[in-house]
Amino acid sequence: MKQFDSFAGKQVTRRQLLAGSAVLGSMFAAAGLTGCGGSANAAVQDIDFWHLLSGGDGIKMQAMISKANEGNPGFTVHPTVLAWGPPYYTKLAMASAGGRPPELAIMHASRVPGYAPGGLIDPWDMSLLAEHGVTPQSFAPRIWDKSQQNGQVFSVALDSHPFVMFYNTDVAGKAGVLAPNGQLQAANSPQEFIGMAREMQKVTTAHGLSFGYLGSGSQMWRLFYTLYKQHGVDMELTPGQPMKADREAAVESLQFMASLFDDTVAAKSGDISTGIAEFARGSSGMLFSGVWELPTLQKAGLPVDAATIPTLYGTPAAYADSHSFVLPRQINDDDEKRRNVYKFVSDVLKGSLSWAEAGHIPAYQPVVQSRAYRELTPQTHYANAADIITYDPESWFSGSGSDWQTYFAENVQNVLLGRDKAADGWDAFVHRTNTLLSRPNPV
């Protein structure tokens, strides 16, 4: 094809020249339309938003994004959905370190301690959020406390999503374990819980409880840490120091978990999918899982209710995390764009009733206290979890979707399968954790 010389001495094709002329023509045409009065419409700002929400959660989030975009003609939020777990957090860290992060991202609150000290995320200016009616008093105390690191607010929670107990009300009714109010009767000890599960098994003839765990460190950890914290003990992960934990409480929790898998109370083995499927088809009376499974169970047409996992060791506790908004570090701050980010976040918080419909407990208290939320069942039956939630012990390597939970599975799965002793599995996990504590935060 014949080429033409450009003014810069470079070679351009005839097609490139025509394309460039078309662009220039469009620019002049636009200038003629606006005339001396300036732009007819102010520039719409693009806001990049990364999150790791897929499936039903992803659909709900997209609906909230679209609603916020419709109500704010000055900006458009563009979501990017990345794979849950280590891939997401690795990419987010690399983007921040490389100077090409999104303006906004979702991060589990339990992962923030690994990012805030390294300067990969910026603190929130609560005075800007207050302009939109969002203040510290807008959040439940435990959730608000978790948003802070060294006196600064590094995350703004959208929700808390605890690990709970679903139950089939028909099975429970036939088993005679429903209280007069129609909800599951209390179980205040491991023995009482196992007794209740066995009564349900007599109805289903399969199992009393569904809990899939194979290959999932996060699933094992959620139940373990709930039981561990119910002992009224803490766990500390201090860099350069050995892990501080109550060994007796940990071993007892693992022993109880292992005792469940006798093929009567619960199946000896199974993964998350098989556990959920078993409960959904009515082959068990209870299911231990996250609140995010509620839409799936309701879609199956189950007579399902839910509650926090029974307090078996004296201290109410429910493992949970929070999907939280964070501000990835920006090399070149744009004050107007950041103000728009604040507006977007406040709009999503105020519109989070739809997020509650997906099973999550909204972090924004005006929504939780609304009549519309109180009419949601079974959501209101486990809303008290926000008052007893317990997040992962803080460390650069802990939290949802972390390799640390994978290491837990590597050392504990054989305990649940009956191949290893609980004490041996726990001690091996402590040794692996101490190795991590001897290393500095890589970010």
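Reader: Hi! Let's start with F211 and Y213: are they buried or exposed?

Author: Hello! In this predicted model, F211 is buried, and Y213 is buried too.

Reader: Nice. How do the rings of F211 and Y213 sit, stacked or edge-to-face?

Author: They form a stacked aromatic pair, with 6.3 Å from centre to centre and 25° between the planes.

Reader: And how many aromatic pairs does the structure hold?

Author: There are 29 aromatic pairs. Another one of them joins F224 and F408, and that pair is tilted: the centres are 5.2 Å apart and the planes make an angle of 40°.

Reader: Which parts of the chain does the F224 and F408 pair tie together?

Author: F224 belongs to helix 8 (residues 217–229) and F408 to helix 16 (residues 403–416), so the pair links parts that are 184 residues apart in sequence.

Reader: Why does F224 count as buried?

Author: Because its relative accessible area is 0%, and buried means under 20%. F408 is also buried, at 0% relative accessibility.

Reader: Which residues do ring pairs link into a cluster?

Author: F224 and F408 are both members. The cluster also takes in W221, Y225, Y228, Y319, W396, F397, W404, W426 and F429.

Reader: Switching to charges: which ring does the charged end of R111 sit over?

Author: That would be the ring of Y89, with the charged end 4.1 Å from the ring centre. R432 does likewise with Y407, its charged end lying 3.9 Å from the centre of that ring.

Reader: Great, now pockets. How much space lies in the largest pocket?

Author: About 510 Å³. Its lining has 26 residues, and S54, D57, W292, E293 and H360 are nearest the centre.

Reader: Which helix gives the most to that lining of the largest pocket?

Author: Helix 2, with four residues. Helix 8, helix 11 (294–299), strand 10 (159–168) and strand 16 (318–321) each supply at least two.

Reader: How do the residues lining the largest pocket divide into nonpolar, polar and charged?

Author: Ten are nonpolar, eleven polar and five charged.

Reader: What about the second largest pocket: how much space lies there?

Author: About 390 Å³. It is lined by 18 residues, with R111, W396, F397, D403 and P442 closest to the centre.

Reader: Where does the largest share of the lining of the second largest pocket come from?

Author: From helix 3, which gives four residues. Helix 16 supplies at least two. By type, the lining of the second largest pocket has eleven nonpolar, five polar and two charged residues.

Terms used: Residues numbered from 1 in each chain as written. Predicted model: local features only at pLDDT ≥ 70, side-chain atom pairs only at ≥ 80, totals over all residues. Heavy atoms only, no water. Phe/Tyr/Trp six-rings, centres within 6.5 Å; stacked < 30°, edge-to-face > 60°. Buried < 20%, exposed > 50% of the residue type's maximum accessible area, 1.4 Å probe, protein only. Lys NZ or Arg CZ within 6 Å of the ring centre and 35° of its normal. 1 Å grid on protein atoms, 1.4 Å probe; cavity = no way out; pocket = protein on both sides within 12 Å on 5 of 7 lines; lining within 4 Å. Points joined across faces, edges and corners; volume = space filled by probe spheres on them. Nonpolar A, V, L, I, M, F, W, Y, C, P; charged D, E, K, R; others polar.
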